Amino acid sequence: METPNLDSLAPSVPSELSTTSEISSVIEFDNAANVSSETLVHVQKAYEYYAANNIQEAMNLIQRDSKLAEIPYCQVLLGNCHRHNNNIDQALLCWKKAIDLSPKEYAAYLNIGNVQYAQNNLQQAIAFWTKAYSIRPESVVINLNLAVAYNKKGSWVKSTKFFERYMRFFRGDSNKQYESVKETLYRLRIKADFYFKKLQEVKEEGSVESIISLYKKIISTYSNVPTVYYNLANVLLYSKSYANALEVFMILYKYYPEFSKVTWCIAELYNKLGKKDYAYCFYKRSEAVIAPTSTKYRTLQAKINGLMYIAKSDQKSQEHLELAKEFEADNMYEEALMEYENSLMLAITPPDEVEIRIDELRMYTDPDETIIGELHNEINDCMNMKKLERCIALCDRIILLSDGSSQKGMYAIRCKTECKRLLMQEKQEQKVETK
């Protein structure tokens, strides 16, 4: 039974892109804990000039102070001033210098991406925004920009997920942009719910074609519905539409890590369809999700051993490496990550730097937990250095990324409370001293 490619089913989520030059407040900038108090005062002053639209004053302060010129945050600020004056080439030089000084200066990547987008270079814009996302995954500007860009590119699952992240992380007063996204997503969910209700009626009739059709209507209306993909894949499998079932299972594997057990189904389908190299790789992935003491695990090992000498070769590894590079160049990072992993698993002699690319692409596709861990490790250093405001900013980021529900999230809540108490105590002591 033929079914249309899912990528042709496109929900419409209109929104405007934010292309304003981005910079965080001084208290949040990445090198704040390593800058002297005196220099930090000057950085703060430059930021205040910029925020008050005193562009020339901000530029003069940074350019006259050699210490400020070597701070990546100040190079971002200086680049934003040049952007304000419509000097794009000089702005790009400043932002690139900021990255040279600190590869984690996320606002520099974001702003370069904005310029690329304005110049109709969508692929490069997404590449820079994704780098920014891997550093500051809770930024509403980054998430909105990626949502709009992927919607324009036709990547519906990723677009919807980034719109949802934008809604999740949005703070402050509502604006027209926020209300537009909120209303559109709500309307699409209502329409999807209608198809869900219709699905129950169709299931009672027992028509497989009608069930498949309704699942596709749900997906075409609202793309971020993993349980629908899972159910659709199993219906397609039941109806022996193996290629289409594989396509849907692959969506689950790429975008929904909680469905890791689909690796077995994917391996079986690739094996059935004669793609032995992919079958071998997904059987290998299944080792992590099947209990070693189970009968199924013994079956798995037999399949791996049976395919090893057929699938593994440096030539096959190179083929998958080339695919990975093509996917990465086209901003298809989940696909690129999979192919880099495949290349590594199939290699007799592992290709150079593949493991580095895998680590970076994992940050591109799912950075939250790694960032939470890094922030958690930094908290104690800030506490020891009495950088209490910086510590509160770190805790706020952890709470936001984790929803405050994880162990690290709960720790951040307690730490933030203690930092606030210490700050209040310091202020009270200062008042007593002045009296």
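Is E164 buried, partly exposed or exposed? I looked that up to get going: E164 is partly exposed, because its relative accessible area is 22%. My cut-offs are under 20% relative accessible area for buried, over 50% for exposed, and partly exposed in between, with a 1.4 Å probe and protein chains only.

**Ground rules**

I'm working on a predicted model, so local features need pLDDT of at least 70 and side-chain atom pairs count only at pLDDT 80 or more, while totals for chains, interfaces and linings use all residues. Residues are numbered from 1 along each chain as its sequence is written, and side-chain values use heavy atoms, with hydrogens and water left out.

**Overall look**

I found 22 helices and zero strands in the protein. Both kinds of element are DSSP runs numbered from the N terminus: H or I for helices, at least four residues, and E for strands, at least two. I read the span of the C-alpha trace along its principal axes as about 80 × 50 × 45 Å. Of the 435 residues, 49% count as buried. Then I checked contacts, meaning heavy atoms within 4.5 Å. Among contacts between residues at least 6 apart in sequence, 59% join residues at least 24 apart.

**Cores**

Next I went for the nonpolar cores. A nonpolar core here is a set of buried Ala, Val, Leu, Ile, Met, Phe, Trp, Tyr and Cys residues joined through side-chain atoms within 4.5 Å. The largest one has 99 residues, and Y229 and I266 have the most contacts inside it. Helix 13, residues 242-255, gives the most to this core, with nine residues. There is also a second, separate core of 19 residues, including M363, I372, I392 and I398. I noted the general background too: in soluble globular proteins, nonpolar side chains tend to be buried together.

What does Y229 touch, leaving out residues up to four places away in sequence? I get V157, I219, S223, V248, I251, L252 and Y256.

**Helix 11 against helix 12**

Helix 11 passes helix 12 in a left-handed crossing, the term for a near helix turned anticlockwise from the far one by less than a right angle, with clockwise being right-handed.

S213 counts as partly exposed because its relative accessibility is 34%. From S213 to L232 I get 9.5 Å, C-alpha to C-alpha, for 19 residues of sequence.

**Salt bridges**

How many salt bridges does a search of the whole structure find? It finds 21, each with a side-chain nitrogen of Lys or Arg within 4 Å of a carboxyl oxygen of Asp or Glu.

- K104 and E374 meet at 3.3 Å, N to O. This pair links distant parts of the chain, 270 residues apart: K104 is in the loop between helix 5 and helix 6, and E374 is in helix 20. K104 is partly exposed at 44%, and E374 is partly exposed at 35%.
- E164 from my opening question meets R189 at 4.0 Å, N to O. E164 lies in helix 9 and R189 in helix 10, so the pair ties together parts 25 residues apart in sequence. R189 is partly exposed at 36%.
- E287 and K284 meet at 3.3 Å, N to O.
- K131, E328, R357 and E360 are linked in a network of salt bridges.

Most residues other than glycine have a negative phi. I noted N86, with a positive phi of about 65 degrees although it is not a glycine. N86 sits in the loop between helix 4 and helix 5, and it counts as exposed because its relative accessibility is 63%. E353 has a positive phi near 65 degrees. E353 is in the loop between helix 18 and helix 19, and is exposed at 60%.
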